[in-house]
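Hello,

Here is the structure I promised to pass on. Please open it first, then read my notes below.

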Amino acid sequence: MKRISLAITLPLICSTFIACSSSSKKDIPAGYVSKGNGSFKLQPYKELSLDNGLKVFFIRDNSLPRVSLTLMLKTGSVQEPAAKAGLNALTSYLLEQGTQSRDAMRIADDFGQLGSGIDITPGADATTVYADALITGSDFLLDLFADVTMNPAFKDGEIQRLRSQMLAGLQKKIDNPSSYADDQMDQYLFGAHPYGRDINGTPEGLKAITKQDVIKHYLTFYRPNNASLAVVGNFNEDYEKKVKEVFSKWTKRTIPVVTAEAAPAIDGLKVKLIVKKGLQQTQVRVAQLGIARSDEDYLRLRLSNEALGGSFASRLNQKVRDDLGLTYSIYSYFDVRKEKGSFEVSTFTKNETAGKTLEETLKVVSDYVTKGSQEAELAGARNQLIGQFPRAIETADRLAYNLLALDFYGIPVDYLTNFNKNVAGISVKEANNSINKHLSPTNFKVVVYGDEKIIPQFEKYKPEIQRVK
Amino acid sequence: MKTRFSILLLGLCISLTAQAIDPTPNTKPEVKEPLGAIKGWTAQDSLKISLPVTKFVLDNGLTVILLEDHAVPMVSYHTWYRVGSRDEYPGVTGAAHMLEHMMFKGAKKYDGKAFDRIFHENGITNNAFTTNDYTGFYENLPSSKLELVMDMEVDRMSSLSISPEDLKSEKEVVKEERRWRVDNNPMGLLRELMMGTMFKVLPYKWPVIGYMKDIDNYDSEKLRFFYNTFYVPNNAVLVLVGDFKTSKVKSLIEKYYGKLPSRALPERKLLTEPPQKVQQNAILRKDVQNSSFVVAFRSPEQGSQDMYALDLAANILGYGTSSRLHKRLVYQKQIATSAYAYNYAMKEAGVMGVGVNMKPGLGTQEALDIVYNEIWKLRNQKVSDKELEKAKTQVMKDLVDSLKTMDGKARALAVNEIVTGTYESLFTDLEKYQAVTADDIKKVADKYTQQTQRSIITLEPKAKKE
């Protein structure tokens, strides 16, 4: 493989997107709207709210014989107490480990029989549950999906079993240098803010969680008025009716507001070395606090970052990979979230060139933040974002996910319908001003994870050193 | 980006494929064949997939597959060559992959610096991958940029630079890739050791990315030989899926690619791997938190009759949380964090692997015994109708899922065309899966999974010094 597919798509939202006019030519079912302007329109969808507050999006798509359901719960590790870190993840994984009428094995078998599985993804801000099936299993899918999300049993044995799995997972993470470095960077950057810790918690937190904690977390946050649902695929009006009936049985409650501790301020360039004997390669992360998804500079920063580290033609890739041959992969991104997220550069290199790679990376980033981009490279970045936008809504599933995510962040759907126009309208000056406003060229936190012998290469940074046995 | 498709460098997915390839296909008339319901598939009228595919072969032997799809104003453009690590020799392992990297370093008209920049400026994303048997390049582009991409692809298909300076820095990039995938990645090491243990004769014994020593030693001449030999139109398959008019694209392809000469391909006769007569063990001790192992068997090549039944056997054994191994090892015994099985079929042979990742602190013996027992059951007891039906539904579902995007459709068509000689196997293979019986599964398990045929590859934590 030439290079890693860069996952620059920002979490929970929207890499890109708009649809073309062809879908709007077809007959639009009653209640469905096709939002957009000019020649670009989104695939028709229907949006409604049940009496219990659950928001539902329907997208009919008959291109393939399948149906999918995505439930987004507007709750993540941000709402769990630090002393019970891992509570939200454990609660979410337990959904498929038994309901009032099905045990864990039965649930696995039932999904298996549909040719499907259930995909539970706990996050810091939100948690999603996804499942799909061939159209021949669409009714069964709905029954099963509703059972799992609305009637979990939270049996003691299952809690013990999953806790032990999660503890093993946390321990094993160190064997994957890339994700270990990511975790360490988050911790270093966000400190006591929940964004700083693993979604799956901490060993101490997991051990402290009781059955009552799980039940309480579920009853408090896994509520219809704290969730939205997308139904996608080859279905008809009867199916819509059934979906509404089934999920109307879910009871709503008042959702408490939980506030998190602020992330620490960064003062100067701080380097932390984490060393482990025997590593064959060094992971390098450079980060700073970034923006929330709702920030008005979001699109300008996305565009600006595209030229800095968003693609193979980016400055970072051209310099550090192509010219210097220091790495196989280097990219930068704004990890936008509900609250202020991060800006991060991620790369790796052989132990011998760890210091040089950090130096070159910092040079490119600082230069870019200070002087900004040139007209030509920003024009290229604009074309890239606009040119790839359709892929983000190419399938009904992707459009559905975007609708859920926009709804979660409280951003109007014209983010999608006006995307091309808005990106095209960003000037070089605006892009440069916003990156300069949000990033400081001298205040970075750096995590380097490699073999012990890299230490001398970093002397000039006076690094904090942590040894891993 | 969470694309599910990952054959990249010995990815392990159910292969939908078959047969030897005719390296110089004859020119065939254009045929347009919408594919309707998949015959024999649980008699469900609603399971219809219609792909109005156009296929033709240019005079120079280039195979072209076109599929109009107007979902969004874009095109997915795939160029796959029938060359992979199986075409290498000791001393130049990884050359096919290295050449793939050099394909981004410039040709006659578009130089290396220009390549990524032009793609980027025109809103085009691109990437590539190499496997044991083939190498693929692809772009996702706004439909208005079709001719530009064609011009660039023809340029690098006909006059690649491979300059020594570019090769020098790109070798460093590939060495970093190797460290990242293998040397600094315990599971990568385990996989490399597995292939080296199972195959003694076939080129599958060395890694697609190659050995570090060989990567260090490539020179332009070695790579140019690979380029001149295999990057010829009659060794390539071009697949375009997206927002275009078939007739117009057909004449563009004739205009751009028609001028390239075809060249005779070398006859490559690989030695046959002799049957394995005794169990093989290999062990790797590294600084890791937990033990892992794979019990691996040689399985037949793509498209062989037995492949279909073995794919389903592997599915029943270790695909997903409802599989037999997950239930016993992860759920009931709670000694493993994951358990899986796959059958990965390549052009010359396949690998059926059954793997377990233990919880930290536990030895492997109990899990090994359970794996042996489950494999014994496959050989000696018929699987239930329900399990068989589940496995077949999963195969069907995987196919449907793979066709969600233009890029997915193009990949599915390309992989089938290149390994079976016809993209239609994408659909006809499903009938072969559907026809598999519980007896067939028992029979193939008996044929391929005896104790003497297995290799046990183990990764263990080094003893810690206190």
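Contact here means heavy atoms within 4.5 Å. Keep in mind that this is a predicted model.

By that cut-off, Tyr257(B) touches Leu58(B), Asn60(B), Leu62(B), Tyr77(B), Met150(B), Glu153(B), Val154(B), Met157(B) and Leu238(B), leaving aside residues up to four places away in sequence.

Tyr257(B) also belongs to the largest nonpolar core, which has 76 residues. Leu240(B), Ile253(B) and Tyr257(B) have the most contacts inside that core. Helix α3 of chain B, residues 146-158, supplies the largest share of the core, with 6 residues. There is a second, separate core of 74 residues. Ala313(B), Val383(B), Leu403(B) and Ala445(B) are among its members.

Next, a helix pair in chain B. Helix α12 (residues 385-402) packs against helix α14 (residues 425-434). The angle is about 170°, and the axes lie 10 Å apart. Angles over 145 degrees count as roughly antiparallel, so α12(B) is roughly antiparallel to α14(B). From α12(B), the contact uses Lys392(B), Val395(B), Met396(B) and Leu399(B). From α14(B), it uses Leu426(B), Leu430(B), Tyr433(B) and Gln434(B). By type, the residues of this contact are 6 nonpolar, 1 polar and 1 charged.

Last, confidence in chain A. Its average pLDDT is 93, and 94% of the residues score at least 70. Residues 3-25 of chain A are below 50. That stretch still has 97 contacts in the model, beyond near neighbours in sequence. Where pLDDT is low, predicted coordinates should not be read in detail.

Best wishes

Key
Residues numbered from 1 in each chain as written. Chains lettered and ligands numbered in written order. Predicted model: local features only at pLDDT ≥ 70, side-chain atom pairs only at ≥ 80, totals over all residues. Heavy atoms only, no water. Core = buried A, V, L, I, M, F, W, Y, C linked by side-chain atoms within 4.5 Å. Buried < 20%, exposed > 50% of the residue type's maximum accessible area, 1.4 Å probe, protein only. Helix = DSSP H or I, 4+ residues; strand = E, 2+ residues; numbered from the N terminus. pLDDT = per-residue confidence, 0-100. Axes fitted to C-alpha atoms, helices over the stretch in contact; angles between N-to-C directions. Parallel < 35°, antiparallel > 145°, perpendicular 65-115°, else oblique. Nonpolar A, V, L, I, M, F, W, Y, C, P; charged D, E, K, R; others polar.
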